[in-house]
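Please consult the sequence and the structure while reading.

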Amino acid sequence: MTARSGRHFLQIPGPTNVPDRILRALAQPTIDHRGPDFAELALDVLRRIKPVFGTTGPVVIYPSSGTGAWEAALVNTLSPGDRVLAFETGHFATLWRDMAEGLGLVVDFVPGDWRHGVDPAVVAEHLAADQQHSIAAVMVVHNETSTGVTSRVPEIRSAIDEAGHPALLLVDTISSLGSIDYRHDEWGVDVAVGCSQKGLMLPPGLGFNAISRKALAAAEKARLPKSYWNWTPVLDANERGSFPYTPPTNLLYGLREALSLLESEGLPEVFARHDRHAAATRAAVRGWGLEVLCADEREHSSSLTAVLLAEEHDANKVRQIILDRFDMSLGAGLGKLNGRVFRIGHLGDFNDLALAGTLSGVHMGLQLAGVPIDPAGIQTALEALRA
């Protein structure tokens, strides 16, 4: 094995780099999860996670991946045979659709080109046509990790309201939470799905559901089978700073430290930093003469940028060269984008110099792979960072 000096650049859009402060927090000795010290820890993180979602309501924390939190959102609010409206915005929206169908739900899946987010006008059209109110929920991926496209959730909420439709709004915030402005209460979201390994700067292992009052009311009637994912015993135990199962104590230590980092910087400043780094990345891509996959200026992601290459170039080859030569990992194209795009993650614990290094590695890798680029692209990004 070749020895490498320096740090590995982990520039996939999650898991992200874990700050040293969080790593040290994770390394603390595990404590009795039935004792008073743990109850203090649990109550602290359960209270402090709420502003990250923009909610004053309950947030359930599971020892799980984001996929588990997807399932929890569905099984707690819906019943077998319920109809849901979902949108093909990318690979993960498609996987969530597959899960819903596997659970026995009927999915109206609106096709898409993977370059645009959910169209609020199409939401309005489908709900207006549903005179019997048979659609029980609308499923939206806020930030599609496979494409770098961010759907306009406030406009989707307005479309639901203007149609006078009672459907629940379920939103995946997995790659937007802690990176892109998200307001659960203000935007009228009923269940938000999140996880630990992206904007929260933790290792994988925590899944989240932020829950509205309307969703809690729906849960009283929902008949999809559930046990581990059932909100009720979790919420009851959380009142005492406890969990109905063995909790991930050390990840909760890390979560407490992550929340301290976000609080010390301030969420508005965190979002502005991500916006700025995303804009600089897009400036580099366009300066190189390449194409950003997201086709709508209103929907550019601040968590990641997906770069679309011409058909004669293999994005996987570019990624492999960059990994071999510069010890940097970039995100692969997923599903039908395999080989067509590579994804630059610029979320989490990230600063200007880290972005400059990332873009320099991409710049050199593209040249080594024989992709024709304008060398001025990197300078365009540096000028944006200096501004």
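In this predicted model, valine 191 has isoleucine 211 of strand S10 as its bridge partner. The strands concerned, S9 and S10 (residues 206-211), pair in the antiparallel sense over 5 bridges. Valine 191 of S9 also stands opposite leucine 170. Here the pairing is with strand S8: 3 bridges join S8 to S9, and these two strands run parallel.

How much of strand S9 is buried? Of the 5 residues in S9 (residues 191-195), 5 are buried. In a regular strand, side chains alternate between the two faces of the sheet. In S9, both faces are covered: Val191, Val193 and Cys195 are buried on one side, and Ala192 and Gly194 are buried on the other.

Helix H6 (residues 120-129) may be considered next. Its buried residues are Pro120, Val123 and Leu127. Because these buried residues fall within an arc of 55 degrees when seen down the axis of H6, they line one face of the helix. The buried residues of H6 pack against strand S3 (83-87), strand S5 (135-141) and helix H7 (153-162). On the face turned away from the buried side, H6 carries the exposed residues Ala121, Glu125 and Ala129. The N-terminal end of H6 is capped by aspartate 119, with a side-chain oxygen 2.9 Å from the backbone nitrogen of alanine 121.

Finally, the confidence of the prediction deserves attention. The protein chain averages a pLDDT of 97, and 99% of the residues score at least 70. Among the elements of the chain, strand S8 (residues 168-172) has the highest mean pLDDT (99) and helix H14 (residues 376-386) the lowest (96).

Notes. Residues numbered from 1 in each chain as written. Predicted model: local features only at pLDDT ≥ 70, side-chain atom pairs only at ≥ 80, totals over all residues. Heavy atoms only, no water. Buried < 20%, exposed > 50% of the residue type's maximum accessible area, 1.4 Å probe, protein only. Helix = DSSP H or I, 4+ residues; strand = E, 2+ residues; numbered from the N terminus. Arc of directions from axis to C-beta. Contact = heavy atoms within 4.5 Å. Polar contact = N/O pair within 3.5 Å; in protein donor to acceptor, adjacent residues only side chain to side chain. pLDDT = per-residue confidence, 0-100. Pairing = 2+ DSSP bridges.
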